[in-house]
Amino acid sequence: MFEGLSDKLSGILDKLTRRGALTEEDVNAALREVRRALIEADVALEVVRSFTDKVRARAVGAEVVKSVTPGQMVVKIVHDTLVDTLGSEADPINLEAVPPVAILMVGLQGSGKTTSTAKIAKRLTDRERKKVLLASLDTRRPAAMEQLAVLGKQVGVEVLPIVAGQSAVQIARRAMESARLGGFDVVMLDTAGRTTLDEALMAEVAEVKALTNPHEVLLVADALTGQDAVNTARAFDGRLGVTGIVLTRVDGDGRGGAALSMRAVTGKPIKLVGVGEKMDALDEFHPARIANRILG
Ligand code: GDP
(Lines give C-alpha, C1' and ligand atoms only; values in the text may rest on other atoms or scores of the structure.)
Protein backbone atom coordinates (compact mmCIF):
# COMPACT_ATOMS: atom_id res chain seq x y z
CA MET A 1 0.00 0.00 0.00
CA PHE A 2 2.76 2.47 0.90
CA GLU A 3 5.49 0.80 -1.11
CA GLY A 4 7.93 3.03 -2.89
CA LEU A 5 7.16 5.86 -0.49
CA SER A 6 10.78 6.27 0.42
CA ASP A 7 14.04 4.64 -0.51
CA LYS A 8 15.89 6.46 2.22
CA LEU A 9 13.66 4.95 4.87
CA SER A 10 13.70 1.43 3.49
CA GLY A 11 15.68 0.23 6.53
CA ILE A 12 12.68 0.92 8.73
CA LEU A 13 10.67 -1.53 6.69
CA ASP A 14 13.06 -4.37 7.49
CA LYS A 15 13.56 -3.50 11.13
CA LEU A 16 9.98 -3.29 12.29
CA THR A 17 8.23 -6.52 11.67
CA ARG A 18 6.08 -7.09 14.75
CA ARG A 19 2.38 -6.33 14.53
CA GLY A 20 0.09 -4.49 16.92
CA ALA A 21 0.55 -1.00 18.27
CA LEU A 22 3.85 0.80 17.61
CA THR A 23 6.01 0.85 20.73
CA GLU A 24 8.29 3.71 21.77
CA GLU A 25 11.27 1.43 21.14
CA ASP A 26 10.17 0.69 17.57
CA VAL A 27 9.55 4.32 16.87
CA ASN A 28 12.88 5.48 18.31
CA ALA A 29 14.75 2.94 16.20
CA ALA A 30 12.92 4.17 13.12
CA LEU A 31 13.51 7.81 13.99
CA ARG A 32 17.26 7.35 13.81
CA GLU A 33 16.82 6.67 10.14
CA VAL A 34 14.37 9.53 9.69
CA ARG A 35 16.90 11.88 11.28
CA ARG A 36 19.60 10.70 8.90
CA ALA A 37 17.33 11.20 5.88
CA LEU A 38 16.47 14.75 6.97
CA ILE A 39 20.09 15.70 7.58
CA GLU A 40 21.01 14.31 4.16
CA ALA A 41 18.27 16.49 2.69
CA ASP A 42 19.96 19.54 4.32
CA VAL A 43 17.16 20.22 6.80
CA ALA A 44 18.27 22.58 9.60
CA LEU A 45 19.16 20.69 12.80
CA GLU A 46 16.66 22.47 15.01
CA VAL A 47 13.95 21.53 12.52
CA VAL A 48 15.11 17.92 12.42
CA ARG A 49 14.66 17.81 16.19
CA SER A 50 11.22 19.36 16.30
CA PHE A 51 10.07 17.28 13.36
CA THR A 52 11.16 13.96 14.85
CA ASP A 53 9.43 14.92 18.14
CA LYS A 54 6.25 15.49 16.19
CA VAL A 55 6.53 12.11 14.44
CA ARG A 56 7.23 10.39 17.76
CA ALA A 57 4.12 11.91 19.33
CA ARG A 58 2.00 10.70 16.44
CA ALA A 59 3.53 7.27 16.03
CA VAL A 60 3.95 5.83 19.54
CA GLY A 61 0.89 3.77 20.36
CA ALA A 62 -0.57 4.07 16.87
CA GLU A 63 -2.41 0.91 15.87
CA VAL A 64 -0.92 -0.71 12.81
CA VAL A 65 -3.66 -1.30 10.28
CA LYS A 66 -3.93 -4.84 8.95
CA SER A 67 -2.92 -4.18 5.38
CA VAL A 68 0.54 -2.75 6.22
CA THR A 69 3.62 -3.68 8.23
CA PRO A 70 4.69 -1.55 11.23
CA GLY A 71 7.61 -0.26 9.14
CA GLN A 72 5.29 0.89 6.38
CA MET A 73 3.09 2.48 9.01
CA VAL A 74 5.99 4.57 10.36
CA VAL A 75 7.05 5.63 6.87
CA LYS A 76 3.47 6.69 6.17
CA ILE A 77 3.32 8.71 9.41
CA VAL A 78 6.64 10.40 8.53
CA HIS A 79 5.38 11.25 5.05
CA ASP A 80 2.05 12.63 6.30
CA THR A 81 3.74 14.66 9.04
CA LEU A 82 6.08 16.11 6.41
CA VAL A 83 3.20 17.14 4.19
CA ASP A 84 1.33 18.68 7.16
CA THR A 85 4.42 20.60 8.24
CA LEU A 86 5.06 21.85 4.72
CA GLY A 87 1.47 23.09 4.52
CA SER A 88 -1.02 20.76 2.98
CA GLU A 89 -2.80 23.21 0.70
CA ALA A 90 -1.62 25.65 -1.96
CA ASP A 91 -1.62 29.19 -0.63
CA PRO A 92 -2.16 31.74 -3.41
CA ILE A 93 -1.03 35.36 -3.31
CA ASN A 94 -3.65 37.35 -1.47
CA LEU A 95 -4.91 40.37 -3.41
CA GLU A 96 -8.15 40.89 -1.53
CA ALA A 97 -7.90 44.55 -0.68
CA VAL A 98 -8.80 47.87 -2.23
CA PRO A 99 -6.50 48.40 -5.24
CA PRO A 100 -3.74 49.28 -5.75
CA VAL A 101 -2.55 46.36 -3.61
CA ALA A 102 1.13 46.55 -2.71
CA ILE A 103 3.37 43.47 -2.71
CA LEU A 104 6.75 43.94 -1.09
CA MET A 105 9.49 41.64 -2.39
CA VAL A 106 12.33 41.15 0.09
CA GLY A 107 15.42 38.97 0.31
CA LEU A 108 19.17 38.82 -0.08
CA GLN A 109 20.94 39.87 -3.26
CA GLY A 110 21.25 36.98 -5.67
CA SER A 111 18.31 35.07 -4.18
CA GLY A 112 16.31 35.58 -7.38
CA LYS A 113 14.23 38.49 -6.13
CA THR A 114 14.09 40.55 -9.31
CA THR A 115 13.50 37.50 -11.49
CA SER A 116 10.70 36.31 -9.19
CA THR A 117 9.14 39.77 -9.14
CA ALA A 118 8.86 39.74 -12.94
CA LYS A 119 7.65 36.12 -12.97
CA ILE A 120 4.88 36.88 -10.46
CA ALA A 121 3.89 40.04 -12.35
CA LYS A 122 3.56 37.96 -15.52
CA ARG A 123 1.47 35.37 -13.73
CA LEU A 124 -0.88 37.95 -12.22
CA THR A 125 -1.23 39.64 -15.60
CA ASP A 126 -1.74 36.51 -17.70
CA ARG A 127 -3.79 34.37 -15.34
CA GLU A 128 -5.68 36.86 -13.21
CA ARG A 129 -5.91 39.71 -15.68
CA LYS A 130 -4.47 42.15 -13.17
CA LYS A 131 -2.95 45.45 -14.17
CA VAL A 132 0.45 45.37 -12.49
CA LEU A 133 3.03 48.12 -11.95
CA LEU A 134 6.62 47.18 -11.12
CA ALA A 135 9.08 49.42 -9.28
CA SER A 136 12.68 48.83 -8.29
CA LEU A 137 13.80 50.36 -5.00
CA ASP A 138 17.41 49.24 -5.33
CA THR A 139 18.88 52.73 -5.39
CA ARG A 140 22.43 51.56 -4.76
CA ARG A 141 22.54 49.23 -7.73
CA PRO A 142 21.53 50.90 -10.99
CA ALA A 143 22.08 47.57 -12.76
CA ALA A 144 19.33 45.99 -10.63
CA MET A 145 16.92 48.79 -11.57
CA GLU A 146 17.81 48.33 -15.20
CA GLN A 147 17.32 44.56 -14.89
CA LEU A 148 13.75 45.01 -13.64
CA ALA A 149 13.05 47.42 -16.52
CA VAL A 150 14.32 44.83 -19.01
CA LEU A 151 12.37 41.95 -17.45
CA GLY A 152 9.22 44.08 -17.19
CA LYS A 153 9.41 44.82 -20.88
CA GLN A 154 10.01 41.17 -21.64
CA VAL A 155 6.86 40.08 -19.80
CA GLY A 156 4.82 43.05 -21.00
CA VAL A 157 4.31 44.62 -17.57
CA GLU A 158 4.67 48.32 -16.94
CA VAL A 159 7.69 49.49 -14.92
CA LEU A 160 7.87 52.78 -13.02
CA PRO A 161 10.34 55.07 -14.84
CA ILE A 162 13.66 55.47 -13.07
CA VAL A 163 14.30 58.94 -11.60
CA ALA A 164 17.93 59.41 -10.55
CA GLY A 165 18.63 60.56 -7.01
CA GLN A 166 15.39 59.39 -5.37
CA SER A 167 15.45 57.36 -2.16
CA ALA A 168 13.69 54.00 -1.82
CA VAL A 169 10.90 55.62 0.17
CA GLN A 170 10.45 58.36 -2.43
CA ILE A 171 10.26 55.78 -5.21
CA ALA A 172 7.73 53.73 -3.24
CA ARG A 173 5.57 56.81 -2.72
CA ARG A 174 5.77 57.65 -6.42
CA ALA A 175 4.87 54.06 -7.33
CA MET A 176 1.76 54.09 -5.14
CA GLU A 177 0.68 57.46 -6.53
CA SER A 178 1.22 56.38 -10.14
CA ALA A 179 -0.71 53.18 -9.48
CA ARG A 180 -3.63 55.10 -8.00
CA LEU A 181 -3.73 57.55 -10.88
CA GLY A 182 -3.22 54.87 -13.52
CA GLY A 183 -5.86 52.48 -12.19
CA PHE A 184 -3.43 49.66 -11.41
CA ASP A 185 -4.57 46.65 -9.39
CA VAL A 186 -1.19 45.66 -8.01
CA VAL A 187 2.13 47.41 -7.29
CA MET A 188 5.13 45.13 -6.87
CA LEU A 189 8.02 46.74 -5.04
CA ASP A 190 11.37 45.06 -5.64
CA THR A 191 13.39 46.14 -2.60
CA ALA A 192 17.18 46.39 -2.45
CA GLY A 193 19.14 43.26 -1.70
CA ARG A 194 22.45 42.90 0.11
CA THR A 195 24.82 39.97 0.13
CA THR A 196 24.50 39.74 3.92
CA LEU A 197 21.81 40.77 6.36
CA ASP A 198 22.29 44.36 7.34
CA GLU A 199 20.49 46.76 9.62
CA ALA A 200 20.46 49.72 7.22
CA LEU A 201 18.66 47.59 4.64
CA MET A 202 16.12 46.34 7.16
CA ALA A 203 15.42 49.88 8.37
CA GLU A 204 14.92 51.07 4.80
CA VAL A 205 12.56 48.23 3.92
CA ALA A 206 10.66 48.72 7.20
CA GLU A 207 10.13 52.36 6.25
CA VAL A 208 8.85 51.38 2.81
CA LYS A 209 6.54 48.87 4.43
CA ALA A 210 5.10 51.47 6.82
CA LEU A 211 4.46 53.82 3.90
CA THR A 212 2.89 51.35 1.46
CA ASN A 213 1.04 49.03 3.85
CA PRO A 214 1.64 45.96 1.66
CA HIS A 215 -0.87 43.13 1.55
CA GLU A 216 1.92 40.63 1.03
CA VAL A 217 5.54 40.72 2.12
CA LEU A 218 7.14 37.93 0.12
CA LEU A 219 10.54 36.67 1.15
CA VAL A 220 12.54 35.33 -1.78
CA ALA A 221 15.04 32.68 -0.72
CA ASP A 222 17.38 30.40 -2.63
CA ALA A 223 16.70 26.71 -1.94
CA LEU A 224 20.35 25.91 -2.62
CA THR A 225 21.52 27.94 0.38
CA GLY A 226 19.95 25.33 2.66
CA GLN A 227 20.62 26.13 6.30
CA ASP A 228 21.64 29.74 5.60
CA ALA A 229 18.21 30.33 4.13
CA VAL A 230 16.77 29.60 7.56
CA ASN A 231 18.75 32.38 9.25
CA THR A 232 17.74 34.75 6.48
CA ALA A 233 14.09 33.80 6.89
CA ARG A 234 14.17 34.28 10.64
CA ALA A 235 15.82 37.71 10.35
CA PHE A 236 13.49 39.03 7.65
CA ASP A 237 10.39 37.65 9.32
CA GLY A 238 11.37 39.00 12.74
CA ARG A 239 11.96 42.46 11.39
CA LEU A 240 9.40 42.81 8.61
CA GLY A 241 6.67 40.27 9.25
CA VAL A 242 6.83 38.11 6.15
CA THR A 243 3.47 36.81 4.81
CA GLY A 244 4.84 34.17 2.47
CA ILE A 245 7.93 32.65 0.92
CA VAL A 246 9.02 32.32 -2.70
CA LEU A 247 11.59 29.55 -2.88
CA THR A 248 13.87 29.82 -5.91
CA ARG A 249 16.24 27.43 -7.72
CA VAL A 250 14.10 24.47 -6.75
CA ASP A 251 15.02 23.13 -10.21
CA GLY A 252 18.60 22.63 -9.04
CA ASP A 253 17.78 21.35 -5.57
CA GLY A 254 17.39 17.60 -5.35
CA ARG A 255 17.18 17.59 -1.57
CA GLY A 256 14.23 19.74 -0.58
CA GLY A 257 15.46 20.54 2.92
CA ALA A 258 15.23 24.32 2.66
CA ALA A 259 11.48 24.20 2.08
CA LEU A 260 10.87 22.24 5.26
CA SER A 261 13.28 24.37 7.30
CA MET A 262 11.88 27.69 6.12
CA ARG A 263 8.31 26.66 6.68
CA ALA A 264 9.00 25.17 10.12
CA VAL A 265 11.05 28.13 11.36
CA THR A 266 8.76 30.93 10.16
CA GLY A 267 5.42 29.14 10.07
CA LYS A 268 4.81 31.11 6.87
CA PRO A 269 3.51 29.41 3.72
CA ILE A 270 5.68 28.74 0.72
CA LYS A 271 3.52 30.41 -1.91
CA LEU A 272 5.46 29.81 -5.09
CA VAL A 273 8.62 28.06 -6.24
CA GLY A 274 11.07 29.14 -8.92
CA VAL A 275 12.03 26.27 -11.20
CA GLY A 276 14.27 27.91 -13.80
CA GLU A 277 15.49 31.15 -15.29
CA LYS A 278 12.69 31.60 -17.82
CA MET A 279 9.83 33.95 -17.02
CA ASP A 280 7.26 31.17 -16.86
CA ALA A 281 9.40 28.94 -14.63
CA LEU A 282 7.28 29.57 -11.56
CA ASP A 283 5.14 26.85 -9.96
CA GLU A 284 2.69 26.53 -7.17
CA PHE A 285 4.14 24.78 -4.16
CA HIS A 286 3.30 21.08 -3.94
CA PRO A 287 4.07 19.79 -0.44
CA ALA A 288 3.81 16.10 -1.40
CA ARG A 289 6.39 16.56 -4.17
CA ILE A 290 8.85 18.14 -1.76
CA ALA A 291 8.11 15.49 0.86
CA ASN A 292 8.98 12.81 -1.68
CA ARG A 293 12.15 14.64 -2.57
CA ILE A 294 13.20 14.87 1.08
CA LEU A 295 12.53 11.19 1.68
CA GLY A 296 13.85 10.27 -1.79
P1 GDP B 1 18.34 39.19 -7.09
O2 GDP B 1 19.71 39.76 -6.90
O3 GDP B 1 17.83 38.56 -5.83
O4 GDP B 1 17.36 40.13 -7.68
O5 GDP B 1 18.52 37.95 -8.09
P6 GDP B 1 18.16 37.83 -9.64
O7 GDP B 1 16.70 37.88 -9.82
O8 GDP B 1 18.98 38.80 -10.40
O9 GDP B 1 18.61 36.34 -9.92
C10 GDP B 1 19.95 35.93 -9.88
C11 GDP B 1 20.17 34.79 -10.88
O12 GDP B 1 19.41 33.65 -10.50
C13 GDP B 1 19.70 35.13 -12.29
O14 GDP B 1 20.66 34.62 -13.20
C15 GDP B 1 18.40 34.37 -12.44
O16 GDP B 1 18.12 34.00 -13.77
C17 GDP B 1 18.63 33.16 -11.57
N18 GDP B 1 17.39 32.58 -11.03
C19 GDP B 1 16.39 33.22 -10.36
N20 GDP B 1 15.43 32.34 -10.02
C21 GDP B 1 15.81 31.12 -10.47
C22 GDP B 1 15.23 29.79 -10.42
O23 GDP B 1 14.16 29.54 -9.86
N24 GDP B 1 15.96 28.79 -11.00
C25 GDP B 1 17.17 29.02 -11.61
N26 GDP B 1 17.80 27.98 -12.14
N27 GDP B 1 17.72 30.24 -11.67
C28 GDP B 1 17.06 31.27 -11.12
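Tutor: Start at Gly112: one of its polar backbone atoms is 2.9 Å from an oxygen atom of the ligand. That is a polar contact, a pair of N or O atoms within 3.5 Å. At Gly110 a polar backbone atom lies 2.7 Å from an oxygen atom of the ligand. The protein buries 82% of the 580 Å² that the ligand exposes when taken alone. Such areas come from the Shrake-Rupley method with a 1.4 Å probe.

A word on the source. This is a predicted model, in which local features need pLDDT of at least 70 and side-chain atom pairs pLDDT 80 or more, while totals for chains, interfaces and linings use all residues. Residues are numbered from 1 along each chain as its sequence is written, and side-chain values use heavy atoms, without hydrogens or water.

Now the shell. It has 18 residues, each with a heavy atom within 4 Å of the ligand. Gly110, Lys113, Thr115, Arg249 and Asp251 come nearest. By class, two are nonpolar, 10 polar and six charged; Gly counts as polar here, and Asp, Glu, Lys and Arg as charged. Helix α5, residues 113-128, gives the largest share, four residues. Helices are DSSP runs (H or I) of at least four residues, and strands (E) of at least two.

The ligand takes the space of the largest pocket. A pocket is an open set of points on a 1 Å grid over the protein atoms alone, with protein on both sides within 12 Å along at least five of seven lines. A molecule sits there if more than half of its atoms lie within 2 Å of the grid points.

Next, the sheet. It is open and has eight strands, in the order β3-β2-β4-β1-β5-β6-β7-β8, with mixed pairing. Two strands pair if DSSP finds at least two bridges between them. β7 (residues 270-274) and β8 run antiparallel over three bridges. There, Val273 stands opposite Asp283 of β8.

Last, two backbone details. Pro99 and Pro100 are joined by a cis peptide bond, with omega about 0°. Pro100 is in the loop between α4 (70-86) and β1 (101-106). Asp42 has a positive phi, near 70°, and is not a glycine. Its loop lies between α2 (24-40) and α3 (45-59).

Note on methods
Polar contact = N/O pair within 3.5 Å; in protein donor to acceptor, adjacent residues only side chain to side chain. 1 Å grid on protein atoms, 1.4 Å probe; cavity = no way out; pocket = protein on both sides within 12 Å on 5 of 7 lines; lining within 4 Å.
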